[in-house]
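Hello,

Here is the structure we talked about handing over. Please open it first, then read the notes below.

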Amino acid sequence: QLVFGSPRKEAFHALGARLMPLVNAIEAYHRDNGTYPAELALLVPAYIPAIPATGMGNYTNYTYIVGHQAELNEGNPWIIKMHVGYGMGFDELYYYPKQNYPDASGYERLGKWAYFHE
């Protein structure tokens, strides 16, 4: 049985689970250094052996945003976002460390991540 109602949503939920070691590495870096890494490469190899791949053929890239640009997203110190639209769509998958996703229509929680339907 599908928890999130469709194979597509299930795949993005699984992606979020695969990227949680990255989330944990970012937070560990912050605990040790008092700041968030300026780029993900700073996590390797002390916090994570390698930057994880998405494991999704059509969606291979995600973006780590830290600082002011991240804070524009509900005041989060950093975020991960990934363009997951198809065709002309601009759908995106987000991770907010504060877990304070907007209540606006278009956002759907997938575990600790949120899918934004454009």
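**Hairpin, sheet and rings**

Gly 111 has a positive phi near 70 degrees, in the E4-E5 hairpin with two residues between the strands. Strands here are DSSP runs of E, at least two residues long, and helices are runs of H or I of at least four, both numbered from the N terminus.

This is a predicted model: local features need pLDDT of at least 70, side-chain atom pairs count only at pLDDT 80 or more, and totals for chains, interfaces and linings use all residues. Residues are numbered from 1 along each chain as its sequence is written, and side-chain values use heavy atoms, without hydrogens and water.

E4 and E5 run antiparallel, joined by four bridges; strands count as paired if DSSP finds at least two bridges between them. Arg 109 stands opposite Ala 114 in E5.

Now the rings. Phe, Tyr and Trp rings (six-membered for Trp) pair if their centres lie within 6.5 Å; planes under 30 degrees apart are stacked, over 60 edge-to-face, the rest tilted. That rule gives eleven aromatic pairs. Tyr 64 and Trp 78 are tilted, because their planes stand at 45 degrees, with centres 6.1 Å apart. Tyr 64 lies in E1 and Trp 78 in E2, 14 residues apart. Both Tyr 64 and Trp 78 are buried (under 20% relative accessible area; exposed is over 50%, partly exposed in between; 1.4 Å probe, protein chains only).

Best wishes
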